[in-house]
Amino acid sequence: MISHVMIGSNNIERSKAFYNAVLGVLGAGEPMVHVNDTGHTRLFYMHGGHTFSISEPINGEEANCANGFTIGFQCDSLEQVTKLHDVAIANGGTSVEDPPGPRESTMGTMNLCYFLDPDGHKVCGINRG
């Protein structure tokens with residue numbers, strides 16, 4: 001149902017360094033870098049049939065985050081959830097909510113971590129076990 005997710009960045013090189021490290025935990029390689037007709041740079045991370053993109057805002061305004069918006073990346077295990085979190089924090093992310101680990105809910109047990117990227121976008125690592 002979803003073709004891709006694209007977020008904005010106010011510093012595309014900082015975002016590239018951050019997401020190269022973070023998405024490398026999941027097996028994603030270097031992004032395809034595209035400069036569009038307006039001269040704005042976009043990064044396209046393609047892995048497992050999915051695309052995650054980062055763009056300099058083409059409207060010339062600052063990139064910002066939406067309250068309630070979370071990007072979730074599927075992880076293979078609790079260990080990968082924890083590593084995703086730790087790599088994010090080591091590369092300029094900010095830990096939010098509880099530490100990485102299992103969470104009980106009405107949807108069952110899930111292994112989760114949450115962090116903010118350097119532009120403030122909320123990111124989740126999830127393993128449904």
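How many aromatic pairs does the structure hold? The structure described here is a predicted model, in which local features need pLDDT of at least 70 and side-chain atom pairs count only at pLDDT 80 or more, while totals for chains, interfaces and linings use all residues. Residues are numbered from 1 along each chain as its sequence is written, and side-chain values use heavy atoms, with hydrogens and water left out.

Over residues 1-128, the chain is 20% helix and 38% strand, and its end C-alpha atoms are 20 Å apart. Helices (H or I, at least four residues) and strands (E, at least two) are DSSP runs, numbered from the N terminus. The UniProt record, an unreviewed entry, annotates residues 1-128 as "domain: VOC"; such annotations may be inferred rather than shown by experiment.

Four strands form an open sheet in the order β1-β4-β3-β2, with mixed pairing. Strands β1 (5-8) and β2 (32-35) stand at the edges with a single partner strand each, so one side of each is left without a neighbour in the sheet. On average, neighbouring strands of this sheet are turned by 20° against each other, direction ignored. Two strands are taken to pair if DSSP finds at least two bridges between them. Strands β3 (residues 41-47) and β4 (residues 50-55) pair in the antiparallel sense over six bridges, and Arg42 has Ser55 in β4 as its bridge partner. Helix α1 (residues 12-24) lies across β1, β2, β3 and β4 and runs at about 10° to β3; axes are lines fitted to C-alpha atoms, for helices over the stretch in contact, and angles run from 0 to 180 degrees between N-to-C directions.

A nonpolar core is a set of buried Ala, Val, Leu, Ile, Met, Phe, Trp, Tyr and Cys residues joined through side-chain atoms within 4.5 Å. Buried means under 20% relative accessible area, exposed over 50%, and partly exposed in between (1.4 Å probe, protein chains only). The largest nonpolar core has 23 residues, of which Tyr19, Leu23, Phe52, Ile54, Leu84 and Phe115 touch the most other members. At least two residues of this core come from each of α1, β3, β4, β5 (70-74), α2 (78-90) and β8 (108-116), and α1 supplies the largest share, five residues. Another core, of six residues, lies apart from it and includes Val96, Met110, Leu112 and Cys124.

Contact means heavy atoms within 4.5 Å. In helix α2, Gln80 counts as buried at 14% relative accessibility.

The structure holds four aromatic pairs. Rings of Phe, Tyr and Trp (its six-membered ring) pair if their centres lie within 6.5 Å; planes under 30 degrees apart count as stacked, over 60 as edge-to-face and the rest as tilted. The rings of Phe18 and Phe115 have centres 6.3 Å apart and planes at 65°, so this pair is edge-to-face. The pair links Phe18 in helix α1 with Phe115 in strand β8, 97 residues apart. Phe18 is buried, with a relative accessible area of 1%, and Phe115 is buried at 0%. For Tyr19 and Phe52, ring centres 5.1 Å apart and planes at 55° make a tilted pair. Both Tyr19 and Phe52 are buried. Phe18, Tyr19, Phe52, Phe73 and Phe115 form one aromatic cluster.
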